[in-house]
Amino acid sequence: MQPAPAQASKAITIYVDGVQLKTDQPPAMIQGRVMLPLRAIFEALDARVHWDQKNQTVTGIKGDTTVELKIKSKVATINDQTVRLDVPAQILRGRTMVPVRFVSEALGQDVDWNSKEQIVMIKSDTPSNISISPVSNLSVRDVNDNGDGRDLEVSFSKSSTESYVDHYRVMVVKASKSFNLSSALKVSSSNYTVVSTSASNRTVTLSQNSRDVDGDYIRNDQPYVVYVLTKGKGSYSNVLSTSSSKITLTNLSAVTAVTNVKISDINDFGDGRDVSVSFTRPQSDNNISNYRVFIVKTKDANNFSLTNANNLSNYYYTTVDKTGSNDSTLTRTLSSSTRDISGDYIKNGVPYTAFVLSVSNTNLDSNKLSSASSSVTLNPNKVSTPVITQVDDVSDFGDGRDLRVSFNKVSDESIINSYRIFVVRADNYSNFTLTKANSLSNAYYTQVNKTGYNISQVLSTGARDTDGSLLQNGVNYRVFVMAIGNSQANNVLSSASNTITLFSNNVGAVSNLTANDVSDYNNGRDLSISFNKPMDESNINHYRILVVPTATYNNFSLADANSVSSNNYVTVNKSGKTTYEQVLSENARDVRGNYIKEGTNYRVYVLSVANGNSTGNNSLSASTSTITLSKNYNVQAVTNLTVADIDDKGDGRDLQVTFTKPSDESNVNHYRILVVPTAYYSNYNLTQANSSPYYFTESKGGSIVTTRTLEGIRDVRGNYITEGNSYRVYVLTVANGNSSNAYALSPASSAITLSKSKAVQAVSNVSVSDISDYGDGRDLQVSFTKPSDESNISSYRILVVPASKANGFDVNTAVKITNYTDLIKGLYSMRLGTGSRDIDGRLITNGDEYRVFILSIGTGNSKDMYTLSFPSPSITLVERTAPIAVENVTLSVHGEQINYSDIKISFNVKNAQNVTQYRVFMLPKDIADGFKLEDATSIQSFNNSTIINSNGLSNVSQELSIALDAFGTPLNSSTEYVAKILTVVNGSYTLSNSSNSVKLKANTDSINIDATLNSQLIE
């Protein structure tokens, strides 16, 4: 039983250097000694304090003095020397209380006691005339390309008062964050880097696991500043440096990241099929093989880095191939089996963030991770789906007024705001999704307010389809209705209606009418017109293209079109084609009879002319946008220019040049390949290219050109191309005379130096898998993709590297390794043997984490004899079929039997080599049978269990270190408890049977045990 504090006639007051010490629990007098909460007295005396929950021991450190006290023990130590106490440290009302005089005098302070006034006076040894100086000359550099703290180098000059300094703390702060000394002193020890004092100035490179002061891993593309906190010895002051300059870590040799990453909830399956991720491709992605989409729980998004992304296997991401053009948007709906990066299936109720990795297809550039998307939480929709009951052609206006849409309202309209009607061209309706509907502006749908009844709506004259075209006759449409949810529900889209085509007695108007400036003749030949025919051409005789000067007509009408003279329009005869394209003639005129020319603003219309003599049945299209012909049809530079050393002739025949021609070559005459020695030209320009007599000519035509240059080719200075000289290549586009610019010069290629023999290429896509249960190399299968060119490769070596050594493993290290597995060309997958060893010579076995590299071995005439692959994902071989369990779970109570720590748990372990941890759950006996495996794995709070890490022990026996049962309720004396143990192994779980039951005795001292007991014991 712990002694209760005696009742004093007057409250005890404590002063340190004349200032009253405030505490959240008042001092107590026990057996004639003043006791105070330990954190209050230690920190008041500028001592660091550490609490060991398992051993119930508190340690205080000030300068060169270390004081250690154990709860309920009358023996303490000062610098490992044993001393005896009159009153031991003990726990009162959830706080650890220590004797004030002993602690103060042990730390070198003077203590006086005024028994009459109940006052303790402590005089500290804090220096009064010493001021610690901050570090100076603080600078930061980006020194590597790892995508984490290893890229950040910090340098600073030591404090001028370093003899009073205990250590320095390097703190990395997001540049947008305000930071001061008060902030610095609150930063957790895991979120800064400690630098010891020395006689010289300091330079330190941070580690892979370094974090900023918010606890987020240091990563690329985040602006930071750095501070250094100078920590004084003992009671000396602390001081914070000024900030460094701003730094943003980047990977200079990386491919380009995608942009505009968006994640959307588009369905209600409750899995990955609800998630759509879209992003914009880089403007140039020729050095990118594909993209990988990662789904990250939003709570973990700040810590997701390029290193994490590179190390994850395809189990944790979705691959998106390159499609469409550069700068286009790629969209991928995930599958039902998609998992987030922690291996959990995508599900409702969890906030997620998306990242996209650009995957390099070369050894020169590394991968690049995008910025995070916004967060989305998948939620099942509460809104029922509107049902379209009828779509009808009800009039003959030739526009939206002909279409009536009828649909049933949703069952509960209290959670929606309105409806939207979308009219979609039938040939594209299968691509119309909720995501597409949500993205459209109000010009592309008809808004309908809810009425409380089923709705029948006739559209307006200005109604458009989802492509932006006005509704018209002869086009097949399908209709969708979307219910717009309020704050309680998401939007929901109906199924498509039946197909409907509007018809009338009038002919249909053409659609998708466009006008383009295609040449520079300064007449009608510069103007190209394209349009789609109406769905029904049976009533049409021909079409008329009408070029209308905008300065004359504010509104060109059907009546105006019918009255234009036959000399002033272009006739297009009906042919049955879906799309008509017409470049006008040199003598083409506008509707007022003037020749078409540059510098005049025009709009173009097409008149559908009906069979017979009645102009009243003709139909006029909508106009094009305004077009002004001009002399701006410039030639364009080539793109994607690359160079390669492909032979060993020692002259221009070794040089291969590849480039993509412009998509429009109508004004191009030819191309000139110019080889420029880098030693003479730091910046080669268009003027120099125009005047050079030395070039290689490539004709126009085709798209991608690969040119092997010729023997005798010269550089732009007139010298023959030879080995050993560095060159850059440019391509000059030469116009044919019709363009406003005569030439266009490409950017330079990368530098190239021709040399004897080709470089050996590395393999790619190294993968590993655990395929058996022999417990040796036979369990490990290694596969990879061969290089595109194996002509100078003799064989390969498989190198199994302990994961702890993989980060620093390079080709120079690899070639010295004697423990490897040979692989001949033609064999790109191998199961290792029983005697296979890692690079350190140890047999491959279960339980060790490895990464695998492949070394390409060149032939005797290779430029580089060896090239090393990127590492495989990490793998740990396990005995997959072995049962994982614990046995003989036993609870016992000892000591005073009133505290949770008086309960001891014991159990025996089976197959502990594969176990990562055991979680102990305390359960009220009367409900323990209903506590199943799914209940244990669903409990996320680690305050409700205690973790025992496996060290390969055959049995465990230790005092309980948790004050709560599995449901978060404090353990108490009125409940009988049992324990169950959750075994965690390689992402799988097993749950033990219940232990025997125990019950605590009532605590007459009312010791407060709550969910934060472990931390409160040192407050």
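I take a residue as buried when its relative accessible area is under 20%. The model I am reading is predicted.

**Ser241**

I looked up Ser241 and placed it in the loop that joins strand 20 (239-240) to strand 21 (247-248). Its relative accessible area is 5%, so I record Ser241 as buried. I then asked which backbone atom the side chain of Ser241 reaches. I found the backbone nitrogen of Val228, at 2.9 Å. Leaving out residues up to four places away in sequence, I listed the residues that Ser241 touches: Pro134, Val135, Leu138, Tyr227 and Val228.

**Aromatic rings**

I noted one aromatic cluster, formed by Phe294, Phe304, Tyr317 and Phe355.

I also looked up charges placed over rings. Arg478 lies over the face of Tyr429, 4.1 Å from the ring centre. For Arg717, I found the charged end over the ring of Tyr680, at 3.8 Å from its centre.

**Confidence**

I read a mean pLDDT of 85 for the protein chain, with 92% of its residues at 70 or more. Over residues 1-9 the pLDDT stays under 50, and I noted 20 contacts in the model for this stretch beyond four places in sequence. Residues 1005-1019 also have pLDDT below 50, and for them I noted 36 contacts beyond near neighbours in sequence.

Note on methods. Residues numbered from 1 in each chain as written. Predicted model: local features only at pLDDT ≥ 70, side-chain atom pairs only at ≥ 80, totals over all residues. Heavy atoms only, no water. Phe/Tyr/Trp six-rings, centres within 6.5 Å; stacked < 30°, edge-to-face > 60°. Lys NZ or Arg CZ within 6 Å of the ring centre and 35° of its normal. pLDDT = per-residue confidence, 0-100. Contact = heavy atoms within 4.5 Å. Helix = DSSP H or I, 4+ residues; strand = E, 2+ residues; numbered from the N terminus. Buried < 20%, exposed > 50% of the residue type's maximum accessible area, 1.4 Å probe, protein only. Polar contact = N/O pair within 3.5 Å; in protein donor to acceptor, adjacent residues only side chain to side chain.
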